[in-house]
Amino acid sequence: MKNSSRTMLFGGIAVATSLLSAPSAFAQDITLQFTNWATAEQTTQAGMQEVIDAFEAANPGIKIESQTVAFSETARQLVLRLRSGNPPDVAQVAGNDTFVLAASGGLQSLSQYADDAILGSLKTGSFEAFNLDGEMIAFPWNQAPAGFWYNKEILANAGLDPENPPATIDELNSAMATIKAANPDIITLGLDTTNRAFALSSNWPWMLAFGAKPVGEDATGAESPEMLAYLEWMRSLAQNGYIDPGRKIGEFRPLIAQGQVAFLWDQVLVQGVIQSSNGMDNDTFNATYGVAPMPAGPSGQGYSFEGGHQLVMFADSEHKEAAWKFIKYLSTDENAAKVYTIGTNRSIPPAAEFEDGEVAALLSTPVIDSYSAKIIPTIAAQPYGADFAEAATAIMAGVQEAVTSDIPIAEIAKNIQSQLDR
Amino acid sequence: MSAKLNTRSSRSLRGKIPFLDWMVIPTLIVLFLIVGYPVVSTAILSFQEYNLLKPNPPEWIGIDNYSDMYADRVFWVALTNTLIYTFGTVFVSALIGLGLALILENMTGRFSSWINAIVVIPWAVPFVVVAFLFRFMYMQNGGIVNEVLMDVGILSQPAPWLNSSDLALPAIIVANVWATTPFFFLVVAAALSGIPDAVLESARVDRAGIWSTLWHIKLPFLRTPLVIGSLLMVIANFNDFAKVWVMTQGGPGYSSTTLVVYVYRMAFENFDLGYASAIGIIWLILLLGTAALYIRLLLVRSS
């Protein structure tokens, strides 16, 4: 009896000791909240999860809690979470959303983490835009600039040279007329004319091509002759039936894959969407589709916009070192670039060089060559910031009025300006 | 007689036991918390400049948000669109619902219950699904509406239903009428079944015709349910966000922007909570005014 009591006593002490020590063992596990839309979209879900699993395997003490959010909901949800004191540790962001979050003051500066060695390994032009007042607000994850996609078969069928897409807007106007005459059912030019911040980002290079700069630094306003010329051109596109107003850019992607769109103003990732839609192999794809810089406008130049994704860390994160490790892994690890950035998202990693020959081979395609050599150098800065979304509502509402109504262009421009001044 | 006695007895009871009046307090507290507090907060915010993107705290600016609103062209466009959307929908769907209920009132036979069920089906479809359905049906290229209208020769080329500043709002109203007509059908059908047989029998004995019976007997019975139904639908349509947002997001331009869409853009795209609150307060006042008018109509009728 005595022995059994002693056994129970020692057993109890052993259990208590193990229970007391257990929390400290568990406490070493860190869970990072990662808000992203990569796991929300069917085409990128599996690739993203594979990269997260690989990161967790390489970093046993860190778990990733992936929080799915729709692309269009990202800014709204993150700002509301930030204001209610519940932001994630890391988030995937893009376009104006990055600068909106920075304006709200909730982002952790990455300057202390991104040292010269790591910045030196990135391509020039891939990260500089994310330096605000000397602080790095976001780290580049991938580059996805917009290019002028064209369907070579449609051009050839209309009697145009499939290897020489229009280089100026005058040539584009002429090519669109030829294509429309040859095949009236084709959507000649796919442009995003919805009313949202992304649509202004997408249309901004076209405005610049006309010399128009309705808002931002050195703005010429909405009533400038250049802006009027841009709006007149947009109206002519609609009146001639060249564009299909009201569609989001994503709604054109399945259509170009089915051969129903001649020209499309879209990002590098379109190749992946087309091939996953119509099952084309690389050779057939390259024989059917090509991408070129935007045709030069009256300003004498064509432009592009950076639609790539970035990673941000929130100032309230309690695990900043682990969060940085995760950011660095997603952005610069060669396997992550191979599996997700190139393999799944079909975008361009920000790293300047890769040791793995397989990654370099994946990046050596006609599409990425065209982007790297001709399109990326034409990327123009956008007037991103806290007021961009409001400006986008006013400007894109005016663009929509230009393409869907008979309201005089001068009146539309005046209305845009009055909304911008409000 | 018995109902009268009961009423009298409960009134006298209430007079004698003041404790019963206090029983309403828990309900009032809950109402204050879930309705009163947000309304008061919104009213206070409407006098402040408060943007979620700016780290500085809300700043008191008096009536600036309201004077901005007065000068804001889009606010007036949104208000006009809201009134057209709300009253256009309620008027047309009430008329169609009334007509359908009267036509199907005396229908008998094997298929009558099936026909009634089919008429009610749109009411069971979630509004977001209605919006997506009509968005695809209205598509300029490949939409079924254009295909059918071109097949029967009404249109020679596809109409840009949701991509035209002139057609977008009427097109959304048509979708909304389709979705809300069954509500009026149900309300009127229920009211028709409540008309005493003796009254209708007397009309028949007096050789009253169909129109005379409808005008002098049925419509007076239907007035109260129609007024109540219309009030509910005015409030519901004034607040209807899903259909407009899914189908056009208030576009093209501002041609289908309603107040609720404008408030959403201000609050959750521009994060300008002060201005959005000011619009919300005007919106609330308009709704309260409309509700008061309807209730007054009911009271006048009762007295």
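The following paragraphs go through a predicted model, starting with chain A and moving on to chain B.

Chain A has 422 residues, and 54% of them are buried. Its secondary structure consists of 18 helices and 11 strands. The C-alpha trace of chain A spans about 100 × 50 × 40 Å along its principal axes. When contacts in chain A between residues at least 6 apart in sequence are considered, 74% of them join residues at least 24 apart. Chain A carries 23 positive and 48 negative side chains, with 8 Å between the centres of the two sets.

Two helices of chain A show how its elements are covered. Helix α3 of chain A runs over residues 74-83, and seven of its 10 residues are buried, so the helix is largely enclosed by the rest of the structure. The buried residues of α3(A) are A:Thr74, A:Ala75, A:Arg76, A:Leu78, A:Val79, A:Arg81 and A:Leu82. Their cover includes β1 (30-36), β2 (62-68), β3 and α4 (96-103) of chain A, together with α13 (259-268) of chain B. After α3(A) comes A:Gly85, which has a positive phi near 75 degrees.

Helix α14 of chain A, residues 334-342, is also largely enclosed by the rest of the structure, because seven of its nine residues are buried. In α14(A) these are A:Ala336, A:Ala337, A:Lys338, A:Val339, A:Tyr340, A:Thr341 and A:Ile342. They pack against four elements of chain A, namely α2 (42-58), β3 (90-94), α13 (320-332) and α15 (357-362).

A:Gln419 leads from chain A to chain B. A:Gln419 sits in helix α18 of chain A, residues 409-421. Its relative accessibility is 11%, so A:Gln419 counts as buried. Leaving aside residues up to four places away in sequence, A:Gln419 touches A:Ala394 in chain A, and B:Asp72, B:Arg73, B:Val74, B:Tyr254 and B:Tyr262 in chain B.

Within chain B, helix α5 covers residues 73-104 and contains B:Ala101. B:Ala101 has a relative accessible area of 2% and is therefore buried. Apart from residues up to four places away in sequence, B:Ala101 touches B:Phe185, B:Val188, B:Ala189 and B:Leu192. The C-alpha atoms of B:Ala101 and B:Val187 are 8.8 Å apart, although 86 residues separate the two along the chain.

The loops on either side of α13 in chain B hold some backbone features to look at. Most residues other than glycine have a negative phi, and most peptide bonds are trans. In the loop between α12 (242-247) and α13 of chain B lies B:Gln249, whose phi is positive, near 55 degrees. B:Gln249 counts as buried because its relative accessibility is 17%. The loop between α12 and α13 also holds B:Pro252, and the peptide bond between B:Gly251 and B:Pro252 is cis, with omega about -5 degrees. B:Phe271 lies in the loop between α13 and α14 (273-302) of chain B. Phi of B:Phe271 is positive too, near 60 degrees. With 2% relative accessibility, B:Phe271 counts as buried.

The last stop is on the surface of chain B. There, B:Glu49, B:Glu59, B:Asp64 and B:Asp68 gather in a patch of negative charge. B:Glu49 belongs to strand β1 of chain B, residues 48-49. Its relative accessible area is 40%, so B:Glu49 is partly exposed.

How values were computed
Residues are numbered from 1 along each chain as its sequence is written. Chains are lettered from A and ligands numbered from 1 in the order in which they are written. This is a predicted model: local features need pLDDT of at least 70, side-chain atom pairs count only at pLDDT 80 or more; totals for chains, interfaces and linings use all residues. Side-chain values use heavy atoms; hydrogens and water are left out. Patches are made of residues with over 30% relative accessible area and no salt bridge: like charges are joined within 9 Å, nonpolar side chains (Val, Leu, Ile, Met, Phe, Trp, Tyr) within 5 Å. Accessible areas come from the Shrake-Rupley method with a 1.4 Å probe; for residues, only the protein chains shown count as cover. A salt bridge is a side-chain nitrogen of Lys or Arg within 4 Å of a carboxyl oxygen of Asp or Glu. Lys and Arg count as positive and Asp and Glu as negative; His and the chain ends are not counted. The place of a charge is taken as NZ of Lys, CZ of Arg, CG of Asp or CD of Glu. Buried means under 20% relative accessible area, exposed over 50%, partly exposed in between (1.4 Å probe, protein chains only). Contact means heavy atoms within 4.5 Å.
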